[in-house]
Amino acid sequence: MKHLLVIFLLQLGFNGFAQVVTTDPVLPRADQPVTIQVDVTGTPLDNFSWNNTTNPVWLWTWISEGCASACDAPTNVNPATSAQAAAKATRISTDPDIYEITIIPTEFFGKPASELEEIGIILKATDWNGGQTTDRFIELVDGFAVVFSSPSQFPVFKNPGNEIEITAYASGAGDLVLTIDGDEVHTANDATLISYTHTVAESAGAHVVTVSADNSVETAEQSFTYIVRSVTIDEDRPAGILDGINYHSDATTVTLSLWAPGKSSVYVLGDFNDWTVSPEYQMKRDGEHFWLGIEDLVPGVEYAWQYLVDETLY
């Protein structure tokens, strides 16, 4: 059976990291006001000639998780008109590339909180051809929860001796514990915030930061991984390997090869590793070419992946 492997280049690139979305509160509820702030730097709305009357920026939003039907906000109309005024985002005075809007999700969508687990958002001009941002998602909490607010952009790469500012919030007071690779590094009792500056002393590879919260009734936990950089292994490509996808007689294995002159590191992210950056998927280098064998694939299944070249999606 021919082994199918499909690559979808999502073209996120560096700009995909530039667009930052924050909320106040950090853990928003569906039935409470939430202020959404979007930094559009590096998007088609960068340096937009905004005017709230003649050239507004609009929120386009939908329920991405929890909704059974009619999941678009009633204000999702293109081109937007004065009838959608509730969806106008305002530009903050201190930065021309940051816009914000305050909504109560249950009222904005006309849906009960039970159908609002997560919403997707885009900022756009009055018409699509005037520019828009890319999809971003906001999880709406129900009950006790905890979330990291810093770091805010991923993946996180560090060198030994670098610092990582780690901040996490809980939706209510509780005992918070921060661990790195299972070792406790900081605690905060009867708190909604825990903050810690970690100096990287770990060896090269992936390391897991976890925050756990306990309010005596419920518990919550969240984790992220940071990568301590390692030197790319220089090793000749196996005979016959060409740039692209190389299939083998063993239908559970392929070899990927990428021509990337002048680059120092390449990782592979895909369906086969849950789209995570990990040392096991750092490609080896042969001159201007990077290569890696991918094993334990299922014959006949399509897989999508991307390259992370010098820590930027490609």
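Visitor: Which residue is the bridge partner of Y247 in β15?

Guide: The partner is V254. Strands here are DSSP runs of E of at least two residues, numbered from the N terminus, and two strands pair if DSSP finds at least two bridges between them. β14 and strand β15 (residues 254-259) are joined by 4 bridges in the antiparallel sense.

Visitor: What should I keep in mind about the model itself?

Guide: This is a predicted model, where local features need pLDDT of at least 70, side-chain atom pairs count only at pLDDT 80 or more, and totals for chains, interfaces and linings use all residues. Residues are numbered from 1 along each chain as its sequence is written, and side-chain values use heavy atoms, with hydrogens and water left out.

Visitor: In what order do the strands of the open sheet with β14 and β15 run?

Guide: The order of this 4-strand open sheet is β14-β15-β18-β17, and its pairing is antiparallel. At its edges are β14 (244-247) and β17 (284-286), each pairing on one side only. From one strand to the next, the twist averages 30°; axes are lines fitted to C-alpha atoms, and angles run from 0 to 180 degrees between N-to-C directions.

Visitor: How many strands form the open sheet that holds β1?

Guide: That sheet has 7 strands, ordered β1-β2-β5-β4-β3-β6-β7, with antiparallel pairing.

Visitor: Why is one side of β1 and of β7 left without a neighbour in the sheet?

Guide: Both β1 (20-24) and β7 (136-139) stand at the edges with a single partner strand each, so one side of each has no neighbour there. Neighbouring strands of this sheet are turned by 35° against each other on average, direction ignored.

Visitor: Which strand does β1 pair with over 5 bridges?

Guide: Its partner is β2 (residues 34-39), in the antiparallel sense. Within that pair, D24 has T35 of β2 as its bridge partner.
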